[in-house]
Amino acid sequence: MANVIKIKKGLDINLKGKASDVLLNGGKSDSYAIVPDYYNGIVPKVVAKVGEKVKAGSVLMIDKNRPEIKFVSPVSGEVTAVNRGEKRKVLSVVVKPEAQIEYEDFGKKNVASLKREEVKEAILHAGMWPFIKQRPYDIVASPADEPRDIFVSAFYSAPLAPNFDFVVKGQDVDFQTGLDALAKLTDGKVYVGIRKGSSVSVKGVETVEVEGPHPAANVGVQINHIKPINKGEVVWTVNPADVIVIGRLFNKGIADFSRLVVITGSETTERGYVKAIAGCTIASLVDGKIMRGNEDIRIISGNVLTGTKVEKNDYLGAYDNQITVIPEGDETHDFFGWATPGFGKFSVSHSFPAWLMGKNKEYVIDARIKGGKRAMIMSNEYDSVFPMDIMPEYLLKAIIAFDIDKMENLGIYEVAPEDFALCEFVDTSKLEIQKIVRQGLDVLYKEMN
């Protein structure tokens, strides 16, 4: 029987625009790209050349400091551009796809018969190592490390998040194979968090049933409740959708980066799941599914709390399997302004009467901050939505001051920016808390390595 974790602190934001468990028709992406900024902790070095013909699984880029970590093309076709920014920073490597995908043959493998190094080499060779992230620092894991444990959260709890039970349907074998492969990479355990009532069934791993509001599905929250990280320890984490891709590598012998992407949000006309390939254009996912023009809406790769604002000509985030479309919030209310009654407005503190309509009321929330930045207020508002055994206000102050000793004592090694997303949402000081945490982790990593 699975262990049970009950999360009490947190917040479920009931947004309008939930997707049904149905498949939608997706458009054709005219290009695919590897975007280095999606991967924390790497220094990109492009090895493919413009005009070169590649297959799905051909190497486009490597990590300069750890060349065994490869980034491969998700499709076959021609490398059409290596886009660079200031100081020749690599922004993207773009591939124009062929009509029919041709795959590099990595060979089918029986995970049960493989040794640890063979599993590791297979994942590295096929360019799937970037799916594996590590705590501390929330960066692409180092193949040289031996993780204490590996954690996978097999559900999502963020606003409008995909239903993993639907995503994994028909891919159960690949998901199990992916978990079997991960189990070979550690002498510890592979912990899989499962939503209460989920139909997901796995074996050979330590399953943990999790119930409660968001961020119950955050792997950092589960680590904190199951087995916290001590200084000097390393644990690895993998997104459940990426576990399926890793399993597919061993079962089919190819680098097939296809996935289901859920289309959600109040400003969409169709909501459901589109079969896509990692690195596709946003336009191929949302064209024909949006209510109004680009000037009035915000398209987000990911969820509204942790996702990235994108345009139609941008590319799907490397770890994302959700697109959210919400109002930008450009309109003004000249008559009442801030004093409008707010019958349809969401408020954590029940400042507006809409909360009287119950938990089932759906809200349309736009992208405006609605307030100015000010000094951090020590009011425990972060603590009310932060279900980890960590004091968020004090940790944030230590990060801002870059007091390494205090950061370590207050739990910096356990957290990632996504763990503070709700803190940022309820913050009356309007601070970019996730950005602060990301910068703190990056500077600490450079200091310690």
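These legends walk through several close-up views of a predicted model. Residues are numbered from 1 along each chain as its sequence is written, and side-chain values use heavy atoms, with hydrogens and water left out. Because the model is predicted, local features need pLDDT of at least 70 and side-chain atom pairs count only at pLDDT 80 or more, while totals for chains, interfaces and linings use all residues.

**View A. Helices H3 and H5 pack against each other.** Two packed helices are described by the angle between their axes and the distance between the axes. Here H3 (residues 172-183) meets H5 (residues 240-252) at about 90 degrees, with the axes 7 Å apart. That makes the two helices roughly perpendicular, a word used for angles of 65 to 115 degrees. Axes are lines fitted to C-alpha atoms, for helices over the stretch in contact, and angles run from 0 to 180 degrees between N-to-C directions. Helices (H or I, at least four residues) and strands (E, at least two) are DSSP runs, numbered from the N terminus. By class, the contact has ten nonpolar, four polar and two charged residues; Ala, Val, Leu, Ile, Met, Phe, Trp, Tyr, Cys and Pro count as nonpolar, Asp, Glu, Lys and Arg as charged, and the others, Gly among them, as polar.

**View B. Helix H1 has a buried side.** In H1 (residues 116-125), Val119, Lys120, Ala122, Ile123 and Leu124 are buried, that is, under 20% relative accessible area, whereas exposed means over 50% and partly exposed in between (1.4 Å probe, protein chains only). The cover over these residues includes S7, H3 and H5. After H1 comes glycine 127, with a positive phi near 75 degrees.

**View C. Tyr39, Phe71 and Tyr319 form one aromatic cluster.** Rings of Phe, Tyr and Trp (its six-membered ring) pair if their centres lie within 6.5 Å; planes under 30 degrees apart count as stacked, over 60 as edge-to-face and the rest as tilted. The structure holds eleven such pairs. Tyrosine 39 and phenylalanine 71 form an edge-to-face one, 4.8 Å centre to centre with 65 degrees between the planes. Tyrosine 39 lies in the loop between strands S3 (32-34) and S4 (44-46) and phenylalanine 71 in strand S7 (residues 70-72), so the pair ties together parts 32 residues apart in sequence. Tyrosine 39 is buried at 13% relative accessible area, and phenylalanine 71 is buried too, at 2%. Look also for lysine 133: its charged end sits over the ring of tyrosine 319, 4.6 Å from the centre (NZ of Lys or CZ of Arg within 6 Å of the ring centre and within 35 degrees of the ring normal).

**View D. Arginine 135 and proline 136 are joined by a cis peptide bond.** Most residues other than glycine have a negative phi, and most peptide bonds are trans. In this bond, omega is about 10 degrees. Proline 136 is found in the loop between strand S10 (133-135) and S11. Aspartate 138 lies in the loop between S10 and S11, where its phi is positive, near 55 degrees, and it counts as buried at 9% relative accessibility.

**View E. Lysine 87 has a positive phi, near 55 degrees.** Lysine 87 is in the loop between strand S8 (77-84) and strand S9 (90-97). At 87% relative accessibility, lysine 87 counts as exposed.

Terms used
Parallel < 35°, antiparallel > 145°, perpendicular 65-115°, else oblique. Contact = heavy atoms within 4.5 Å.
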